Amino acid sequence: MAGISTQREARRGDKIISGDQRAAATAAAGIGSSISISHVRKSYGNFVALDDANFDIAPGEFITLLGPSGSGKTTLLNIIAGFQNIDKGEVLVDGKPVLHVAPHRRGFGMVFQSYALFPNMTVTQNVAFPMRMAGVDRETTDRRVAETLEMMRLSDHAAKMPSQMSGGQQQRVAIARAIVMRPRVVLMDEPLSALDRRLRESIQIEIRELHRTIGSTILFVTHDQGEALTMSDRIAVLDAGKIIQIASPTEIYRHPATRFVASFVGESNLIDVELVQRRGTRLTLKNRAGFTFEAGSRNEDAGSTATVLVRPERIAMSDTPAPNSVPITVTSALFLGELLRVECEMEGGGKLLIRCTDTQSRAMPNIGDKLYASWGADDCWVLS
Amino acid sequence: MTMAQSSVAMRHPARRSYWNLLKNPSILLLPATLFLAVIYVWPLLDLFRLSVGGPTWTSHFERVFSIPLYWQSLVRTMEISITVSALCLFFGYPTALLIHRSQGIVKVMVATAVVLPYFIAILIRTYAWMVLLGRNGPLNKLAIWLGILDQPAELLFNRGSVLIGMTAVLVPLMVLSIYSSVSRIDGNLTRAALASGAGPIAVFWRVLLPLTFPGMGAGFLLVFVSGLGFFITPTLLGGPGDQMFAMHITQQADFLTSEGFLQALAVVLLMITLVVVGIAGHFLGFEFIWGGEKLSGVTPSASKTDRGGRPASGSAVGNLFADAVGWPLLRLLGKLPPSAGTWLVCVMGGFVILALIAPIVIVSIISFSKASFLTFPPPGFSLRWYSKFFSDSDWMSAFTTSLSVAAISAAIAVAFGTSAAIGIVRSSLKAKTAIMLLLVSPIIVPPVVLGLSLYSLFLYFDLIGSRIGLAAAHAIGGIPLVVVIIAASLQGVDRKLEQAAAIHGASPLTVLRKVTLPAIAPGLAAASFFAFLHSFDELVLSLFLSSAHLKTLPLRLWADVNYQLNPVLAVVSTLEVVLVVGGILIARPVLAGSRKAAR
């Protein structure tokens, strides 16, 4: 027993957790590691792929790295996995530096966009691979592999080759392989972007539940903001190698830090305004056409001009003027089923996008209709 | 206008269908197929006819297998070929990995170092090894200088020098074959294995090796089949005990009395080659001959299913062994520093590249020697051997003969090959694969067999010593090169482009001229160059088909190499290297482009 677990013990440093002990601790929450990214910088020649990334991940947290392609999110994941060297900084797992540790000794699980299943092995052999490498005995391996396949609803496919399975099934096998050791950290590199929408949504839920069951820390990379909002405990938004904001999905969506975050996450109306009056956290603002409205802000030192964010679904349309309202002209109206998507022109210039639920009582607006758009003071967020 | 045309077409339905027949791309396969049928298939069939022409049809074959000299030589040929294949695999794999793992300019340089020698004539590379291993050669000098040897040792004319020479000549084939297999593997597979806790050795053993098995198999068989027909290298580097089968055929060819028996020898060699290729083709797909990907990916996955379908993976004994030895060993090796694998690859790959490049460099240096005999390092430098080469009318006439033969041969090969390649890619003929196989098959036929079969044909038509005849014979081997290169670049041309041109009013000929040909122009240039080089370097067919009036450069080289090793040969070698390097520099963007297109 002791001989078998040496490998894993070596990987964990002085925290001795052998494969068997962890096998016994199945489904116990709280096995996730804390990760500290400390001033990590990575550049290729003149191109800075990652600039001073500096944040902590709590044990067992589901954190998503969100950003457009080339923003550095995959670079960061590969650095944590050990596939990429860095210029400076350090990565700490459970308080211990890991950058000098070879990837295969870090004991993480990883899921790739291209599945990366070994085409020369069956599903069972693929999932058993990490256990064999860790030196877990055959009975435990067989039992654990069967459990994991069961958990991923793959028991019927155990003997198949990866090439005989659909994309969704293959990715579930890849997830099974990544979690079979109950690793303390699971890295996921855009695991769902090769799948169609419906499949993506169902596997999103599966991964979410899996996270609750096994309790590993999960780092999830995606460029799909919807996916990030649905799945994460916290989201780190990256742009051009910089981490712009790290916060919970609701915070990111409701109170984005910058224009970039506001426009990258969800649909948004960004309106340039002038500050008219300030009463504590309540501001009175004026848009370019001179219409005034009120907004809430946590940002005490907002200057005399600012940009405000109003989410399209927070805007109400009416035929008559109301407090905090702007006259609009409808330029396009789309029926999306449960929602109406209305684009309009604000009086005095500026476009406004409105999403509202479809109701029997209201007729579809027509192009050219002159209406009023209004929103509550709390639905209006002043960007810094 | 269109009305008039269509009414004409309606009035002449017969002419219309004839015209349609002409427009069918499969007609483009005809010229090359006919050419090969006359100059390649027919002589080989004639070879069979002569081989069974004894008192009974088996009598010549009985003689082959009853004389110990021949069947012992056959066994020896097999032994040497298998050993060479194994050596190539052993040295070629790390080299392929080295190319795969290096990046940027280093990758280009390493790849060029492997590919460059592949395009230099076997005769010249063998000559370079004779120089390297010779009594006054650099290796002996080095050993004495280091104090390993007291006096120069005889490194040449034994089994060892044959194996070294053949391995050095054939290893690029293996490297390219394995590299094409390695480069197709998803890089994330290695990462996935690492993330699963597998050390570099385990990644290699469990992932890389199984996935590159087809490439290794293809490389092994290509080297083996080429080795079977080897003639130049064993003749120059071997001793009396290293006679290979192909050498007997050329020796027997000097005695005209042995007609029938001689053909039987050739048929035996050809049959062994074809059986090996047939078995290999069955398992790997015949595409392995020209380095193509297997078109039907069904068979391998199906065969794997049978294995995976069993309840447990492998037998109980196998499991026990894997648990007791296999996995612990892999885990133990995982404790090696991760850089160990990288170092091993660098050292072995570097050694192979040194062995490929050093002989060429040394011969180039010797060509500038001041000494009147072959020695390294040269006592001083001069251009005396260059002036001797360029002022010697014998050498110059051989040189110009070779140039003109190669130019004619390249023209024939490119004309037939290009038309055939378009036919292969654009037609929807059922027999396409079979025709492709025919077009490419000259690559695997031992040159000695081909030379012998052509000898009878050329005698019959009184073509021996004819420039056009020799060029046509060289084109047999040039056509496969052209077909493979042009077909690859054609596949990179988007069919939609041609359709777009056609829908906007371009006639088929205009489409060909304005869209297709410009798109494959780089491929055409590369194909012409390689077809030219193939003929320029060709020795074995020329040995059979030339006369006293028609001496090519390789023939002149061959005569001199067998007679005495003088620095003029080094001059010719250096000129050839310059030619190949120049050609590759010109063709490099093309090759890179066609590789991209092939993907």
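**View 1. Strand β14 (residues 305-310) of chain A pairs with β20(A) in the antiparallel sense over four bridges.** Strands here are DSSP runs (E, at least two residues), as helices are (H or I, at least four), and both are numbered from the N terminus. Two strands pair if DSSP finds at least two bridges between them. The bridge partner of A:Val310 in β20(A) is A:Cys380. Strand β20 of chain A covers residues 380-383; A:Cys380 and A:Val382 point one way from this strand, A:Trp381 and A:Leu383 point the other way, and all are buried. A residue is buried if 20 or more other C-beta atoms lie within 10 Å of its own, exposed if 12 or fewer, and partly exposed in between, with C-beta atoms placed from the backbone.

This is a predicted model, in which local features need pLDDT of at least 70 and side-chain atom pairs count only at pLDDT 80 or more, while totals for chains, interfaces and linings use all residues. Residues are numbered from 1 along each chain as its sequence is written, and chains are lettered from A and ligands numbered from 1 in the order in which they are written.

**View 2. An open sheet of chain A is formed by five strands in the order β15-β19-β16-β17-β18, with antiparallel pairing.** At the edges are β15 (316-318) and β18 (351-357) of chain A, each of which pairs on one side only. From one strand to the next, the twist averages 45 degrees; angles run from 0 to 180 degrees between the N-to-C directions of axes, which are lines fitted to C-alpha atoms, for helices over the stretch in contact. Three bridges pair β15(A) with strand β19 (residues 370-374) of chain A in the antiparallel sense. In β19(A), A:Ser374 is the bridge partner of A:Ala316.

**View 3. Strand β1 (residues 35-44) of chain A and strand β2 (residues 47-57) of chain A pair in the antiparallel sense over seven bridges.** The two strands form a hairpin with two residues between them, and A:Gly45 in the turn has a positive phi of about 60 degrees. A:Val48 in β2(A) is the bridge partner of A:Ser43. β1(A) is also joined by five bridges to strand β4 (residues 88-93) of chain A, and these two run antiparallel. There, A:Ile35 has A:Val93 of β4(A) as its bridge partner.

**View 4. β4(A) and strand β5 (residues 96-97) of chain A run antiparallel and are joined by two bridges.** In β5(A), A:Pro97 stands opposite A:Leu92. The hairpin of β4(A) and β5(A) has two residues between the strands, and A:Asp94 takes a positive phi near 50 degrees.

**View 5. Where chains A and B meet, 31 residues of chain A are in contact with 27 residues of chain B.** Two residues are in contact if their C-beta atoms, placed from the backbone, lie within 7 Å. On the side of chain A that touches chain B, the elements giving two or more residues are β6 (109-111) and α4 (123-134) of chain A. The largest share, six residues, comes from α4(A). By class, this side of chain A has 16 nonpolar, eleven polar and four charged residues. Ala, Val, Leu, Ile, Met, Phe, Trp, Tyr, Cys and Pro count as nonpolar, Asp, Glu, Lys and Arg as charged, and the others, Gly among them, as polar.

**View 6. In chain B, α4(B) packs against helix α15 (residues 261-284) at an angle of about 70 degrees, with their axes 9 Å apart.** That makes α4(B) roughly perpendicular to α15(B); angles of 65 to 115 degrees count as roughly perpendicular, under 35 as roughly parallel, over 145 as roughly antiparallel and the rest as oblique. From α4(B), the contact is made by B:His60, B:Phe61, B:Arg63 and B:Val64, and from α15(B) by B:Phe261, B:Ala264, B:Leu265 and B:Val268. These residues divide into six nonpolar, one polar and one charged. B:Phe61 is found in helix α4 (residues 59-66) of chain B, and counts as partly exposed because 19 C-beta neighbours lie inside 10 Å.

**View 7. The largest nonpolar core has 165 residues.** A nonpolar core is a set of buried Ala, Val, Leu, Ile, Met, Phe, Trp, Tyr and Cys residues joined through C-beta atoms within 7 Å. Among the residues that touch the most other members are B:Ala421, B:Ile486 and B:Ala527. Helix α23 (residues 467-491) of chain B gives the most to this core, with 16 residues.
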